[in-house]
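Open the model in your viewer and keep the selection panel at hand. The stops below are meant to be taken in order.

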Amino acid sequence: MVQWSMGGIVDRRRFLNWFLGTTAGAFLFTVFYPISRYLVPPKVQESTSRTVTLALKPADVKFNTGQIFRFGSQPAILVRTPAGELKAFAAVCTHLACIVQYRNDLNHIWCACHNGHFDLNGLNISGPPPRPLEQYVVNVRGDQIVVSKGA
Amino acid sequence: MMFRNGDRKIEEIWLWLDERVGLTEIFKLVKKKDVPVHTHTVWYYLGGMTLFLFVIQVTTGILLLLYYRPSAEEAYESIQFLMTEVEFGWLIRSIHSWAANLMVFTLFVHFFSVLLLKAYRRPREVTWLSGMGLLGLALTFGFTGYLLPWNELAYFATRVGTEIPGAVPLVGSFLRRLLRGGDDVTGATLTRFYGIHVAILPALTTLFLGLHLFLVQKHGMSVPPDVERQSKEKKVMPFFPNFLLRDLVGWLTALAILAALAAFIPAELGKKADPFQPAPVGIKPEWYFMFMFQTLKFLPSYILGIEGEILGVLGFGLGGLFLALIPFLDRRTARGETSRLFTWIVIAIIAYMVVLTYLGYTVSPTN
């Protein structure tokens with residue numbers, strides 16, 4: 001029997017069990033903590049560029065078409081509307097992250113995965129997508145198309 | 001004379017081994033095992049059939065490992081090489097792909113027959129839970145294996161499939177990063193899925209399968225309640241060799257079907273994945289995920305102010321949990337009474353899966 005300073009009497013068995021238990025717990029922690037941290041992928045520096053100049057001439061982009069381009073590490077879509085206007089949006093569907101495409105038969109943007117439809121302002125007009133596509137600013141400077149993220 | 005000598009030699013080897021390994025006891029156990037014979041006996045073959053197909057998966061999987069290269073740059077090309085240059089490469093890969101599908105199919109039939117025959121009731125609750133674990137493992141095997149060829153369909157199926165846990169409140173984005181090995185589906189996802197598919201899942205399956213088979217041996221085959229209630233004399237057949245030989249007929253039939261499927265409809269490879277191309281028209285997951293995929297297509301973007309996909313994901317999660325807990329929820333069966341309600345729930349689940357899967361393959365993907 002050991003007289004505990006707090007006044008309670010703790011027998012040796014209980015003390016040893018507690019000691020073994022915490023040691024085992026600490027041991028398991030030292031094994032599984034590094035493993036759990038190892039499994040989480042490290043953050044990769046994302047490209048911070050807010051503008052991209054496309055390798056396309058404005059004159060080469062036909063009316064009523066769309067095409068995917070790289071905006072940093074993410075896909076984006078450049079659309080020339082039937083009226084001739086150039087527009088750009090993030091090409092990642094807001095539903096389950098498939099990559100959208102332009103449908104020239106419907107004159108708007110469409111996602112093949114779950115049949116989501118977006119109009120030419122990126123608004124989700126039909127199907128499961130819950131939010132509009134992020135719209136980018138398109139500037140034509142002479143022979144160049146420059147796409148930039150809004151403010 | 002030769003025979004006698006041979007016999008004696010075999011007997012000597014037998015006795016030598018028996019003394020060291022305990023063969024007689026193993027054989028006693030095998031001899032003791034019998035299988036109940038009644039109108040539902042046919043369903044007893046499905047577990048063994050699933051096991052047989054799993055053995056085929058392990059064998060062909062090991063063979064595929066010898067040529068496969070798990071990186072975004074080489075995966076597609078290594079399978080192209082396997083399919084076109086390696087002798088019988090197409091056969092090994094096609095059998096792996098077809099046996100996976102057949103295995104999931106027989107697993108589902110096994111699962112639903114156990115549900116409908118109420119074989120989950122006491123004392124087989126842990127057998128049921130280990131079986132649910134194996135079902136989860138099989139589906140994860142299918143999901144991770146689908147990405148490995150790194151083709152267009154697989155790429156987008158994985159984007160969608162890993163986005164779904166992202167819909168879980170609070171921990172969603174963390175889960176998605178953990179699964180993908182980064183923020184997007186990239187080569188990092190491929191190596192991660194490869195590791196899961198060829199190492200982590202086989203290890204877990206060995207544990208769960210070991211427990212499952214041990215419990216099946218311990219409790220024997222479950223006799224359905226309605227057969228048990230009939231006070232007729234109970235018929236049985238010995239497991240060895242009667243039941244095992246019937247098993248063997250089933251396995252040989254499965255092997256013949258597999259060979260025919262692999263030869264006439266070999267596994268396709270499609271186009272290499274390109275993260276900067278739109279999702280292809282008609283994209284679809286493996287057939288056993290189709291009912292979930294189609295449900296997500298039908299859900300509107302918002303239901304009662306909550307995003308449709310979140311509700312769908314929560315719904316499937318709760319559905320899975322409900323199925324896992326059935327032995328504990330079905331009190332009537334536990335008391336030995338008939339439980340019509342649970343029979344109808346299971347039939348409703350089967351009907352839902354069949355109808356949604358049918359729609360997934362017939363509703364035009366473009367309107």
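Select strand E6 (residues 86-90) and strand E11 (residues 135-141) of chain A: the two run antiparallel and are joined by 2 bridges. Strands count as paired if DSSP finds at least two bridges between them. Strands (E, at least two residues) and helices (H or I, at least four) are DSSP runs, numbered from the N terminus. Within this pair, show Ala88(A), whose bridge partner in E11(A) is Tyr136(A).

This is a predicted model, in which local features need pLDDT of at least 70 and side-chain atom pairs count only at pLDDT 80 or more, while totals for chains, interfaces and linings use all residues. Residues are numbered from 1 along each chain as its sequence is written, with chains lettered from A and ligands numbered from 1 in the order in which they are written.

Now widen the selection to the whole sheet. In chain A, 6 strands in the order E3-E12-E11-E6-E5-E4 form an open sheet with antiparallel pairing. At its edges are strand E3 (51-53) and strand E4 (65-71) of chain A, each pairing on one side only. From one strand to the next the twist averages 25 degrees; axes are lines fitted to C-alpha atoms (for helices over the stretch in contact), and angles run from 0 to 180 degrees between N-to-C directions.

Next, colour chain A by domain: domain 1 covers 2-39 and domain 2 covers 51-149. These bounds come from an automatic or database domain assignment. Taken over C-alpha atoms, the centres of the two domains of chain A are 59 Å apart.

Stay in chain A and go to Asn107(A), in the loop between strand E7 (101-103) and strand E8 (108-111). Asn107(A) is not a glycine, yet has a positive phi of about 60 degrees. Asn107(A) counts as partly exposed, with 14 C-beta neighbours inside 10 Å. The cut-offs, for other C-beta atoms within 10 Å, are 20 or more for buried and 12 or fewer for exposed, with partly exposed in between; C-beta atoms are placed from the backbone.

Move to chain B and select Phe88(B), in the loop between helix H4 (75-84) and H5. Phe88(B) also is not a glycine and has a positive phi, of about 65 degrees. Phe88(B) is exposed, with 11 other C-beta atoms within 10 Å.

Two cis peptide bonds end the tour. Arg122(B) and Pro123(B) are joined by a cis bond with omega about 5 degrees, and Pro123(B) is in the loop between helix H5 (89-116) and helix H6 (125-147) of chain B. The bond from Phe240(B) to Pro241(B) is cis, with omega near 5 degrees; Pro241(B) lies in helix H11 (residues 239-264) of chain B.
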